[in-house]
Amino acid sequence: MRETNTVRPRGRRTLPIRAGIRRAADRLDAGTPPERDRAVDALRALAILGVVLGHWLVTALVADGGTLRAASPLDPMPWLTPVSWAFQTLAVFFMVGGHVATRSHTSARARGVTYGGWLRARLARLFMPVAAMTGVWAVVAVCLLLGGASFTTVHTVVKLALSPLWFLLVFAALTAVTPLLVRLNPLWPLAVVLHVDLVRFGLGGPSWLGWVNLAAGWLVPYTLGAAWTRGELERRRAGGLLCGGGAVATAVLVVWAGYPASMVGVPGAALSNLNPPTLAAVTFGLAQCGAALLLRDRLRRAVRGPVAWAAVALVNLSAMTVFLWHQTALMATTATGLLAGRLPGLHTVPDGLDWVAARLLWLPVFVVVLAVCREAFHGFENRGGQRPRTAPAPSRVVRVGRLPEAPEPRKAGRA
(Lines give C-alpha, C1' and ligand atoms only; values in the text may rest on other atoms or scores of the structure.)
Protein backbone atom coordinates (compact mmCIF):
# COMPACT_ATOMS: atom_id res chain seq x y z
CA MET A 1 0.00 0.00 0.00
CA ARG A 2 1.54 3.27 -1.15
CA GLU A 3 2.01 5.88 1.53
CA THR A 4 1.20 9.37 0.41
CA ASN A 5 2.41 12.54 2.04
CA THR A 6 0.27 15.60 1.73
CA VAL A 7 2.32 18.77 1.60
CA ARG A 8 0.40 21.97 2.13
CA PRO A 9 1.66 24.99 0.23
CA ARG A 10 3.15 27.57 2.52
CA GLY A 11 0.98 30.25 1.02
CA ARG A 12 -2.11 28.63 2.52
CA ARG A 13 -0.89 29.40 6.01
CA THR A 14 -1.62 33.07 5.41
CA LEU A 15 -5.20 32.36 4.31
CA PRO A 16 -6.65 32.18 7.86
CA ILE A 17 -4.91 35.46 8.69
CA ARG A 18 -6.28 37.14 5.58
CA ALA A 19 -9.72 35.71 6.25
CA GLY A 20 -9.61 37.00 9.82
CA ILE A 21 -8.59 40.47 8.65
CA ARG A 22 -11.36 40.42 6.10
CA ARG A 23 -13.96 39.37 8.68
CA ALA A 24 -12.82 42.11 11.08
CA ALA A 25 -12.99 44.67 8.26
CA ASP A 26 -16.49 43.49 7.33
CA ARG A 27 -17.64 43.82 10.96
CA LEU A 28 -16.19 47.32 11.17
CA ASP A 29 -17.84 48.29 7.90
CA ALA A 30 -21.19 46.88 9.05
CA GLY A 31 -20.93 48.71 12.39
CA THR A 32 -20.35 52.11 10.74
CA PRO A 33 -23.50 54.25 10.43
CA PRO A 34 -24.44 54.60 6.74
CA GLU A 35 -24.79 58.38 7.08
CA ARG A 36 -21.18 58.84 8.23
CA ASP A 37 -19.08 60.92 5.85
CA ARG A 38 -16.07 58.68 5.33
CA ALA A 39 -14.23 61.34 3.34
CA VAL A 40 -13.83 63.36 6.56
CA ASP A 41 -12.15 60.42 8.26
CA ALA A 42 -9.97 59.78 5.22
CA LEU A 43 -8.79 63.40 5.15
CA ARG A 44 -8.05 63.32 8.88
CA ALA A 45 -6.03 60.10 8.47
CA LEU A 46 -4.08 61.50 5.50
CA ALA A 47 -3.30 64.69 7.41
CA ILE A 48 -1.98 62.81 10.46
CA LEU A 49 0.05 60.36 8.39
CA GLY A 50 1.44 63.21 6.29
CA VAL A 51 2.80 64.97 9.37
CA VAL A 52 4.26 61.73 10.75
CA LEU A 53 5.98 60.76 7.51
CA GLY A 54 7.21 64.31 6.97
CA HIS A 55 8.84 64.42 10.39
CA TRP A 56 10.51 61.06 9.83
CA LEU A 57 11.93 62.24 6.51
CA VAL A 58 13.24 65.68 7.52
CA THR A 59 14.30 65.07 11.14
CA ALA A 60 17.71 63.60 11.88
CA LEU A 61 19.47 62.91 15.17
CA VAL A 62 23.21 63.02 14.51
CA ALA A 63 25.53 61.16 16.89
CA ASP A 64 28.35 63.58 17.65
CA GLY A 65 30.70 62.02 20.18
CA GLY A 66 28.64 61.31 23.28
CA THR A 67 25.73 63.58 22.35
CA LEU A 68 22.82 63.65 19.94
CA ARG A 69 21.98 66.82 18.07
CA ALA A 70 19.09 67.60 15.76
CA ALA A 71 19.68 68.24 12.06
CA SER A 72 17.64 68.47 8.88
CA PRO A 73 18.42 67.31 5.34
CA LEU A 74 16.65 70.41 4.00
CA ASP A 75 19.67 72.57 4.88
CA PRO A 76 22.43 70.82 2.87
CA MET A 77 19.96 69.48 0.28
CA PRO A 78 17.47 72.27 -0.53
CA TRP A 79 16.25 70.30 -3.55
CA LEU A 80 14.34 68.18 -1.01
CA THR A 81 12.12 71.18 -0.21
CA PRO A 82 9.11 69.70 -2.09
CA VAL A 83 8.99 67.03 0.64
CA SER A 84 7.80 69.78 2.99
CA TRP A 85 5.08 70.71 0.52
CA ALA A 86 3.73 67.17 0.35
CA PHE A 87 3.85 66.30 4.05
CA GLN A 88 3.15 69.54 5.92
CA THR A 89 -0.56 68.77 6.14
CA LEU A 90 -1.57 70.49 9.39
CA ALA A 91 -3.86 72.93 7.58
CA VAL A 92 -6.00 70.03 6.35
CA PHE A 93 -6.21 68.66 9.90
CA PHE A 94 -7.32 72.07 11.24
CA MET A 95 -9.94 72.39 8.50
CA VAL A 96 -11.34 68.94 9.25
CA GLY A 97 -11.20 69.73 12.98
CA GLY A 98 -13.14 72.96 12.49
CA HIS A 99 -15.73 71.19 10.37
CA VAL A 100 -16.25 68.37 12.85
CA ALA A 101 -16.22 70.62 15.93
CA THR A 102 -18.83 73.03 14.60
CA ARG A 103 -21.09 70.15 13.56
CA SER A 104 -20.54 68.47 16.91
CA HIS A 105 -21.36 71.59 18.90
CA THR A 106 -24.53 72.22 16.91
CA SER A 107 -25.59 68.60 17.43
CA ALA A 108 -24.81 68.76 21.16
CA ARG A 109 -26.94 71.87 21.60
CA ALA A 110 -29.82 70.16 19.80
CA ARG A 111 -29.54 67.22 22.24
CA GLY A 112 -29.54 69.54 25.25
CA VAL A 113 -25.86 69.04 26.12
CA THR A 114 -24.30 72.03 27.84
CA TYR A 115 -21.25 73.81 26.46
CA GLY A 116 -19.19 72.63 29.44
CA GLY A 117 -20.15 69.01 28.95
CA TRP A 118 -19.43 69.17 25.24
CA LEU A 119 -16.05 70.83 25.75
CA ARG A 120 -14.95 68.42 28.48
CA ALA A 121 -15.72 65.44 26.27
CA ARG A 122 -13.75 66.85 23.34
CA LEU A 123 -10.74 67.99 25.34
CA ALA A 124 -10.52 64.72 27.26
CA ARG A 125 -9.78 62.90 24.03
CA LEU A 126 -6.90 65.30 23.43
CA PHE A 127 -5.35 65.56 26.86
CA MET A 128 -5.61 62.04 28.27
CA PRO A 129 -2.98 60.84 25.76
CA VAL A 130 -0.93 63.99 26.49
CA ALA A 131 -0.87 63.21 30.21
CA ALA A 132 0.40 59.71 29.50
CA MET A 133 3.14 60.91 27.15
CA THR A 134 4.41 63.73 29.37
CA GLY A 135 4.48 61.38 32.38
CA VAL A 136 6.55 58.81 30.50
CA TRP A 137 8.98 61.42 29.17
CA ALA A 138 9.41 63.03 32.60
CA VAL A 139 10.63 59.65 33.89
CA VAL A 140 12.81 59.10 30.80
CA ALA A 141 14.46 62.52 31.15
CA VAL A 142 15.30 61.94 34.81
CA CYS A 143 16.68 58.47 34.05
CA LEU A 144 18.85 59.82 31.21
CA LEU A 145 20.33 62.53 33.41
CA LEU A 146 20.97 60.12 36.27
CA GLY A 147 22.50 57.68 33.81
CA GLY A 148 25.10 60.19 32.72
CA ALA A 149 23.61 61.45 29.44
CA SER A 150 24.70 64.95 28.50
CA PHE A 151 22.31 67.83 29.01
CA THR A 152 22.48 68.56 25.27
CA THR A 153 21.27 65.06 24.44
CA VAL A 154 18.46 65.16 26.98
CA HIS A 155 17.36 68.63 25.83
CA THR A 156 17.38 67.51 22.19
CA VAL A 157 15.30 64.37 22.66
CA VAL A 158 12.83 65.88 25.13
CA LYS A 159 12.28 68.94 22.95
CA LEU A 160 11.70 66.69 19.94
CA ALA A 161 9.35 64.41 21.86
CA LEU A 162 7.25 67.27 23.23
CA SER A 163 7.23 69.30 20.00
CA PRO A 164 3.75 68.02 18.98
CA LEU A 165 2.24 69.65 22.07
CA TRP A 166 2.20 73.15 20.56
CA PHE A 167 -0.22 71.86 17.94
CA LEU A 168 -2.55 70.38 20.55
CA LEU A 169 -2.55 73.56 22.65
CA VAL A 170 -3.58 75.67 19.66
CA PHE A 171 -6.15 73.09 18.56
CA ALA A 172 -7.59 72.92 22.09
CA ALA A 173 -7.86 76.74 22.28
CA LEU A 174 -9.70 76.89 18.96
CA THR A 175 -11.98 74.06 20.07
CA ALA A 176 -12.84 75.99 23.24
CA VAL A 177 -13.98 79.05 21.25
CA THR A 178 -15.78 77.06 18.56
CA PRO A 179 -19.21 78.58 19.43
CA LEU A 180 -17.78 82.01 18.59
CA LEU A 181 -16.34 80.80 15.28
CA VAL A 182 -19.43 79.17 13.81
CA ARG A 183 -20.18 82.20 11.60
CA LEU A 184 -16.68 83.72 11.33
CA ASN A 185 -15.52 84.34 7.76
CA PRO A 186 -11.98 82.97 7.13
CA LEU A 187 -11.05 86.28 5.49
CA TRP A 188 -10.89 87.97 8.92
CA PRO A 189 -8.07 85.87 10.41
CA LEU A 190 -6.37 85.90 6.99
CA ALA A 191 -6.39 89.71 7.10
CA VAL A 192 -4.78 89.57 10.57
CA VAL A 193 -1.96 87.36 9.26
CA LEU A 194 -1.43 89.69 6.30
CA HIS A 195 -1.18 92.80 8.47
CA VAL A 196 1.10 91.11 11.02
CA ASP A 197 3.54 90.17 8.25
CA LEU A 198 3.34 93.63 6.71
CA VAL A 199 4.30 95.19 10.04
CA ARG A 200 7.03 92.62 10.77
CA PHE A 201 8.73 92.47 7.40
CA GLY A 202 7.60 95.62 5.61
CA LEU A 203 7.76 98.17 8.42
CA GLY A 204 10.46 96.63 10.60
CA GLY A 205 8.11 95.77 13.47
CA PRO A 206 9.12 93.61 16.44
CA SER A 207 9.66 89.90 15.77
CA TRP A 208 7.46 88.88 18.72
CA LEU A 209 4.46 90.24 16.83
CA GLY A 210 4.65 87.15 14.62
CA TRP A 211 3.31 85.02 17.45
CA VAL A 212 -0.10 86.59 16.89
CA ASN A 213 -0.15 84.39 13.81
CA LEU A 214 0.07 81.26 15.94
CA ALA A 215 -3.64 81.73 16.62
CA ALA A 216 -4.68 83.71 13.54
CA GLY A 217 -2.78 81.50 11.08
CA TRP A 218 -4.40 78.25 12.17
CA LEU A 219 -7.73 80.00 12.64
CA VAL A 220 -7.90 80.37 8.84
CA PRO A 221 -8.25 76.64 8.03
CA TYR A 222 -10.30 76.07 11.20
CA THR A 223 -12.89 78.62 10.08
CA LEU A 224 -12.76 77.11 6.59
CA GLY A 225 -14.03 73.98 8.31
CA ALA A 226 -16.87 76.00 9.79
CA ALA A 227 -17.66 77.34 6.31
CA TRP A 228 -17.72 73.73 5.10
CA THR A 229 -20.27 72.99 7.82
CA ARG A 230 -22.39 75.92 6.64
CA GLY A 231 -22.43 74.40 3.15
CA GLU A 232 -20.36 77.18 1.57
CA LEU A 233 -17.64 74.89 0.22
CA GLU A 234 -19.71 72.18 -1.42
CA ARG A 235 -19.27 73.37 -4.99
CA ARG A 236 -16.11 72.20 -6.76
CA ARG A 237 -15.51 75.81 -7.74
CA ALA A 238 -14.80 76.66 -4.09
CA GLY A 239 -12.13 73.96 -3.84
CA GLY A 240 -10.63 75.01 -7.15
CA LEU A 241 -10.42 78.67 -6.16
CA LEU A 242 -8.79 77.82 -2.83
CA CYS A 243 -6.30 75.43 -4.41
CA GLY A 244 -5.36 77.61 -7.37
CA GLY A 245 -5.45 80.93 -5.54
CA GLY A 246 -3.48 79.61 -2.60
CA ALA A 247 -0.83 78.05 -4.85
CA VAL A 248 -0.38 81.24 -6.89
CA ALA A 249 -0.22 83.44 -3.78
CA THR A 250 2.37 81.13 -2.19
CA ALA A 251 4.52 81.14 -5.33
CA VAL A 252 4.42 84.95 -5.46
CA LEU A 253 5.38 85.25 -1.79
CA VAL A 254 8.30 82.81 -2.18
CA VAL A 255 9.66 84.11 -5.48
CA TRP A 256 9.16 87.87 -5.07
CA ALA A 257 8.60 88.55 -1.37
CA GLY A 258 11.50 86.53 -0.01
CA TYR A 259 9.59 83.95 2.05
CA PRO A 260 11.33 80.57 2.52
CA ALA A 261 10.34 77.86 0.06
CA SER A 262 10.29 75.21 2.79
CA MET A 263 6.99 74.90 4.63
CA VAL A 264 8.71 73.51 7.74
CA GLY A 265 11.46 75.01 9.85
CA VAL A 266 15.08 74.42 8.82
CA PRO A 267 17.71 74.57 11.60
CA GLY A 268 19.92 77.62 11.18
CA ALA A 269 17.60 79.40 8.74
CA ALA A 270 16.95 83.10 9.35
CA LEU A 271 13.17 82.68 8.90
CA SER A 272 10.76 79.80 9.39
CA ASN A 273 7.37 79.61 7.71
CA LEU A 274 6.00 77.56 10.57
CA ASN A 275 7.40 78.93 13.82
CA PRO A 276 5.39 81.15 13.96
CA PRO A 277 3.20 80.75 10.85
CA THR A 278 3.79 83.26 8.08
CA LEU A 279 1.48 84.48 5.35
CA ALA A 280 3.17 82.02 2.95
CA ALA A 281 2.37 79.11 5.26
CA VAL A 282 -1.26 80.21 5.47
CA THR A 283 -1.71 80.64 1.70
CA PHE A 284 -0.03 77.27 1.18
CA GLY A 285 -2.50 75.80 3.68
CA LEU A 286 -5.36 77.30 1.68
CA ALA A 287 -4.05 75.52 -1.42
CA GLN A 288 -3.88 72.23 0.48
CA CYS A 289 -7.38 72.68 1.88
CA GLY A 290 -8.70 73.39 -1.61
CA ALA A 291 -7.06 70.22 -2.92
CA ALA A 292 -8.56 68.26 -0.03
CA LEU A 293 -12.04 69.58 -0.83
CA LEU A 294 -11.61 68.58 -4.47
CA LEU A 295 -10.68 65.04 -3.40
CA ARG A 296 -13.74 64.43 -1.23
CA ASP A 297 -15.81 62.48 -3.77
CA ARG A 298 -12.86 60.32 -4.80
CA LEU A 299 -12.04 59.57 -1.17
CA ARG A 300 -15.63 58.54 -0.46
CA ARG A 301 -15.42 56.06 -3.32
CA ALA A 302 -11.95 54.87 -2.30
CA VAL A 303 -12.95 53.99 1.27
CA ARG A 304 -16.27 52.43 0.35
CA GLY A 305 -14.73 48.95 0.58
CA PRO A 306 -14.43 47.28 4.01
CA VAL A 307 -10.63 46.82 3.95
CA ALA A 308 -9.86 50.39 2.91
CA TRP A 309 -12.34 51.72 5.45
CA ALA A 310 -10.85 49.55 8.20
CA ALA A 311 -7.40 51.07 7.54
CA VAL A 312 -8.81 54.61 7.73
CA ALA A 313 -10.80 53.81 10.86
CA LEU A 314 -7.76 52.29 12.56
CA VAL A 315 -5.79 55.51 12.06
CA ASN A 316 -8.69 57.65 13.29
CA LEU A 317 -9.22 55.55 16.40
CA SER A 318 -5.61 56.24 17.43
CA ALA A 319 -4.97 59.57 15.70
CA MET A 320 -3.76 61.44 18.79
CA THR A 321 -1.68 58.51 20.00
CA VAL A 322 0.02 58.17 16.62
CA PHE A 323 0.65 61.90 16.45
CA LEU A 324 2.05 62.16 19.97
CA TRP A 325 4.31 59.11 19.86
CA HIS A 326 5.72 59.19 16.32
CA GLN A 327 8.75 61.24 17.37
CA THR A 328 9.30 58.87 20.28
CA ALA A 329 9.35 55.97 17.82
CA LEU A 330 12.05 57.78 15.84
CA MET A 331 14.15 58.44 18.95
CA ALA A 332 13.69 54.96 20.39
CA THR A 333 14.98 53.47 17.14
CA THR A 334 17.87 55.93 17.09
CA ALA A 335 18.86 55.23 20.70
CA THR A 336 18.66 51.46 20.26
CA GLY A 337 20.64 51.65 17.04
CA LEU A 338 23.52 53.33 18.86
CA LEU A 339 24.29 49.94 20.42
CA ALA A 340 25.48 48.86 16.97
CA GLY A 341 27.46 52.05 16.28
CA ARG A 342 26.75 54.97 13.97
CA LEU A 343 24.27 53.64 11.43
CA PRO A 344 23.70 55.30 8.02
CA GLY A 345 20.45 57.21 7.79
CA LEU A 346 19.96 57.06 11.54
CA HIS A 347 22.99 58.68 13.21
CA THR A 348 24.90 60.15 10.29
CA VAL A 349 24.85 63.71 8.96
CA PRO A 350 21.97 64.14 6.45
CA ASP A 351 24.00 65.63 3.60
CA GLY A 352 23.67 63.36 0.59
CA LEU A 353 21.63 60.88 -1.44
CA ASP A 354 23.12 58.00 0.52
CA TRP A 355 21.47 59.38 3.67
CA VAL A 356 18.12 59.71 1.87
CA ALA A 357 18.28 56.12 0.61
CA ALA A 358 19.24 54.82 4.05
CA ARG A 359 16.49 56.83 5.78
CA LEU A 360 13.86 55.35 3.46
CA LEU A 361 14.99 51.88 4.55
CA TRP A 362 14.49 52.86 8.20
CA LEU A 363 10.87 53.92 7.70
CA PRO A 364 9.42 50.39 8.16
CA VAL A 365 11.33 50.10 11.45
CA PHE A 366 9.83 53.39 12.64
CA VAL A 367 6.38 52.05 11.72
CA VAL A 368 6.89 48.88 13.78
CA VAL A 369 8.11 50.84 16.83
CA LEU A 370 5.20 53.27 16.48
CA ALA A 371 2.81 50.31 16.33
CA VAL A 372 4.23 49.10 19.65
CA CYS A 373 3.71 52.57 21.16
CA ARG A 374 0.19 52.60 19.78
CA GLU A 375 -0.64 49.27 21.39
CA ALA A 376 0.78 50.45 24.71
CA PHE A 377 -0.91 53.85 24.90
CA HIS A 378 -3.98 54.05 22.66
CA GLY A 379 -6.15 53.03 25.61
CA PHE A 380 -5.67 56.50 27.10
CA GLU A 381 -7.14 58.06 23.96
CA ASN A 382 -10.20 55.80 23.94
CA ARG A 383 -10.67 56.24 27.68
CA GLY A 384 -10.73 59.99 27.29
CA GLY A 385 -13.21 60.08 24.48
CA GLN A 386 -16.51 59.41 26.23
CA ARG A 387 -19.46 61.36 25.00
CA PRO A 388 -21.46 63.57 27.38
CA ARG A 389 -24.46 61.64 28.54
CA THR A 390 -27.96 62.46 27.39
CA ALA A 391 -30.52 59.80 26.56
CA PRO A 392 -29.22 56.22 26.35
CA ALA A 393 -28.39 55.24 22.78
CA PRO A 394 -29.65 51.98 21.28
CA SER A 395 -27.02 49.26 21.34
CA ARG A 396 -25.47 48.06 18.11
CA VAL A 397 -24.91 44.48 17.15
CA VAL A 398 -21.28 45.23 16.32
CA ARG A 399 -19.21 47.50 18.52
CA VAL A 400 -15.92 48.56 16.96
CA GLY A 401 -14.88 51.43 19.22
CA ARG A 402 -15.88 55.06 18.96
CA LEU A 403 -14.47 56.89 16.00
CA PRO A 404 -14.07 60.66 16.20
CA GLU A 405 -17.17 62.45 14.99
CA ALA A 406 -17.68 62.86 11.26
CA PRO A 407 -20.88 64.36 9.81
CA GLU A 408 -22.88 62.95 6.98
CA PRO A 409 -21.89 64.02 3.45
CA ARG A 410 -23.74 66.75 1.63
CA LYS A 411 -24.60 66.55 -1.99
CA ALA A 412 -22.29 68.82 -3.93
CA GLY A 413 -23.90 71.39 -6.15
CA ARG A 414 -22.79 72.11 -9.68
CA ALA A 415 -20.05 74.61 -10.32
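**A pocket and what surrounds it**

Student: How do the residues lining the second largest pocket divide into nonpolar, polar and charged?

Tutor: The lining holds 21 nonpolar residues, 16 polar ones and one charged residue. The sorting goes by residue type: Ala, Val, Leu, Ile, Met, Phe, Trp, Tyr, Cys and Pro count as nonpolar, Asp, Glu, Lys and Arg as charged, and the others, Gly among them, as polar. Before we go on, please note that this is a predicted model, where local features need pLDDT of at least 70 and side-chain atom pairs need 80 or more, while totals for chains, interfaces and linings use all residues. Residues are numbered from 1 along each chain as its sequence is written, and side-chain values use heavy atoms, without hydrogens or water.

Student: What makes a space a pocket rather than a cavity?

Tutor: Both are sets of points on a 1 Å grid over the protein atoms alone: in a cavity a 1.4 Å probe fits but cannot get out, whereas a pocket is an open set with protein on both sides within 12 Å along at least five of seven lines. Lining residues have an atom within 4 Å of a point.

Student: What is the volume of the second largest pocket, and which residues are closest to its centre?

Tutor: Its volume is about 1,100 Å³. Among its 38 lining residues, His55, Leu160, Ser163, Gly265 and Asn275 come closest to the centre. The volume is the space filled by probe spheres set on the points, which are joined across faces, edges and corners.

Student: Which element supplies the largest share of that lining?

Tutor: That is α2, with five residues. Elements that each give at least two residues include α2 (38-58), β2 (67-71), α6 (151-162) and α15 (319-337).

Student: What makes a stretch a helix or a strand, and how many of each are there?

Tutor: Helices (H or I, at least four residues) and strands (E, at least two) are DSSP runs, numbered from the N terminus. The protein has 16 helices and two strands.

Student: How do you know that β1 and β2 pair?

Tutor: DSSP must find at least two bridges between two strands for them to pair. Five bridges join β1 to β2, which run antiparallel.

Student: Why is Phe93 called buried?

Tutor: Buried means under 20% relative accessible area, exposed over 50% and partly exposed in between (1.4 Å probe, protein chains only). Phe93 has 7% relative accessibility, so the buried label applies. This residue sits in helix α4. Leaving aside its neighbours within four places in sequence, Phe93 is in contact (heavy atoms within 4.5 Å) with Arg44, Ala47, Ile48, Phe167, Phe171 and Met320.

Student: And why is Val136 called partly exposed?

Tutor: Val136 is at 30% relative accessibility, so it counts as partly exposed. It lies in helix α5, and beyond its neighbours within four places in sequence it is in contact with Trp325 and Phe377.

Student: What makes Ala335 partly exposed too?

Tutor: Its relative accessible area is 44%, so Ala335 counts as partly exposed.

Student: How much of the protein is buried?

Tutor: Buried residues make up 49% of its 415 residues. In strand β1 (residues 60-64), four of five are buried.

**Checking a helix**
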